[in-house]
Amino acid sequence: MLIRSQEKPTKQRSHFHSHLQQKGFALFLLALLLAASAILAACAHSSPAGTVPLAVAATSPSSTYASGAPSRMGNVIPRPVSEVPAVGSFVISADTVIRFDPGAYEVQAIGKYLADRLNPATGFSLKVIAASGAPASGSISLSLEGAPGSLGDEGYQLSITPNLVRIAARRPAGLFHGVQTLRQLLPPAIESSASQPGPWRLPAGTISDTPRFAWRGVMLDVSRHFFTVQDISRYIDLLAYYKINQLHIHLSDDQGWRIQIKSWPNLTLTGSSLEVGGSPGGYYSQDDYTYIIQYARSRYISILPELDMPGHINAALASYPELNCNGQAPALYTGTQVGFSSICVGKDSTAKFLKDVIGELAALTPGPYIHIGGDEANATAIPAYLQFIQQVQSILAANGKQMVGWDPIAQIRLLPGSIVQETEFDADLARRAVQQGNQLIMSPANRAYLDMKYTPTTTLGLNWAGTIDVQKAYSWDPGGLFQGISDQNILGVEAPLWSETLVTMNDVEYMTFPRLLGYAEIGWSPQASRDWFEYRLRLASQGPRLTAMGVHYYPSPEIPWP
């Protein structure tokens, strides 16, 4: 039986833990540059598939080449594809103008966003103006003209001289990502909400940047514990800062149904009333959901809604007896077990439920995808499970949507465009999806689950997939997990955050940060440029930024925070 069992296995993956990782040894290795290539070769031979060999020639934030030129422009995460530093800097002053091409209203909105980010800390009131012709000295120019086609939909070029800053892209999303890089090149105090002394210098040079994967996502479980629209909005802002472009919201589970469905009102009247532990729950009205989508879109993040079926469905079963095979509604559930509930497959009432619920959600969701869950359906017989997933896939297609689901959905014949989210429980399911011509979202539980504890003593989170410290979260390659599966089979990466133990946004931020930065870099930066020793120093420099933004992050002892 390929459906995951109720008892979640702890998977053990051997990975490289040599004396090269001991505290302080990186500095010693810097004195042995002549031996670096041999050591790297040894690391590569001893590293298992899916892990990143540990590089030895780490570059500190202030390091320079022999010529005296800086080795990079800053400590940006995700690491840009190309950085060419130059001499000098551009200083943002009260006279700086943010310029956009006339008629480019979406670019104007990005310029306004940039001004809103810069004004509080600088104390300035930066103007955003439309202007044609060559940009004037002292301006920050945002343009959709002159960028090479190789940048794609999300890439950008950032050029900084002492007289001018120019961000060019093919699409607005690229400009927005370039703005995030610009923010990270400024001193960390730029993220403060109160006026700071400055000066506000941008290092001169040129960055050309484009993502490795099209899908760079995070999932937030709002069913086990509910989080407000304000919470979601803040989370979106933090994700956008690191070029995440997908927020997957787990809207239903045994513990709660969190999205209003007008044709089935008891789903929220009853099904949303509680959460884990028995505290009051909550739900998003359709207006709330639309606001979240629009807010995310303004940050170039797409919302992927998930309704988990045919298991993880107790909240709906408690709301409508007719969805149960025995016609009796179970009690609401506030525990954390999995695998015990199932909608009654094959009933006319179930078919109507699916058509109505999926139809309403599809009409509210502008993106092409809806996630239907499909995991841990232990209470659903295998034939019924396969029948159900086929039925849901057809209903989604009739509503103009493509199906996304956890790895067990690969057991059926998938339609073109359906996506399998691989959690690394069964490599055969990943290969089965690829053999059908479908792509994967890589979310290995023992590498990418944000709810796994950092260490055995972490008070929040779970450990059924092991612990995931900051290095382990960073040190894997999506294209190297399974033999025969490469980047061309992978749509992208996603880090799920399940909320059994997470009650507040402080809890969410603590489990998300700083690991999220590593996942962002895995999704964006070329694999060949990623290096744990170098990354941990860049990550350290992000600490003051996270502090300035008020992020409640885990101060991992692996990182030399300032």
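The model is a predicted one, in which local features need pLDDT of at least 70 and side-chain atom pairs count only at pLDDT 80 or more, while totals for chains, interfaces and linings use all residues. Residues are numbered from 1 along each chain as its sequence is written, and side-chain values use heavy atoms, with hydrogens and water left out.

Strand S5 (residues 156–160) pairs with S6 (residues 164–168) in the antiparallel sense over four bridges. Five bridges join S5 to S7, again in an antiparallel arrangement. Strands pair if DSSP finds at least two bridges between them; strands (E, at least two residues) and helices (H or I, at least four) are DSSP runs numbered from the N terminus.

## The seven-stranded sheet

The open sheet has seven strands in the order S1-S7-S5-S6-S4-S2-S3, with mixed pairing. Strands S1 (82–92) and S3 (127–130) stand at the edges with a single partner strand each, so one side of each has no neighbour in the sheet. On average, neighbouring strands of this sheet are turned by 20 degrees against each other, direction ignored.

S1 and S7 run antiparallel and are joined by eight bridges. Phe 90 has Leu 202 in S7 as its bridge partner.

## Helices across the sheet

Helix H3 (residues 105–122) lies across S1, S2 (97–100), S3, S4 (139–143) and S7 (200–209), and runs at about 170 degrees to S2. Helix H4 (residues 172–185) lies across S4, S5, S6 and S7, at about 40 degrees to S5. Axes are lines fitted to C-alpha atoms, for helices over the stretch in contact, and angles run from 0 to 180 degrees between N-to-C directions.

## Packing of H7 and H9

The axes of H7 and H9 come within 10 Å and cross at roughly 40 degrees. H7 is therefore oblique to H9; angles under 35 degrees count as roughly parallel, over 145 as roughly antiparallel, 65 to 115 as roughly perpendicular and the rest as oblique. Gln 286, Tyr 289, Thr 290 and Ile 293 of H7 make the contact with Glu 360, Leu 361 and Leu 364 of H9, where contact means heavy atoms within 4.5 Å.

Gly 359 is found in H9 (residues 348–364). Leaving aside neighbours within four places in sequence, Gly 359 is in contact with Leu 354 and Asn 399. Gly 359 and Leu 396 are 37 residues apart in sequence, with 8.0 Å between their C-alpha atoms.

## The second largest pocket

Among the residues lining the second largest pocket, 20 in total, Asn 245, Gln 246, Tyr 300, Ile 301 and Ser 302 lie nearest its centre. On a 1 Å grid over the protein atoms alone, a pocket is an open set of points where a 1.4 Å probe fits, with protein on both sides within 12 Å along at least five of seven lines; lining residues have an atom within 4 Å of a point. Helix H7 (286–298) and strand S11 (302–309) each supply at least two lining residues, and S11 gives the largest share, three residues.

## Backbone features in loops

The peptide bond from Ile 77 to Pro 78 is cis, with omega near 0 degrees; Pro 78 is in the loop between H2 (36–46) and S1. The bond from Met 309 to Pro 310 is cis, with omega near -5 degrees, and Pro 310 is in the loop between S11 and H8 (314–319).
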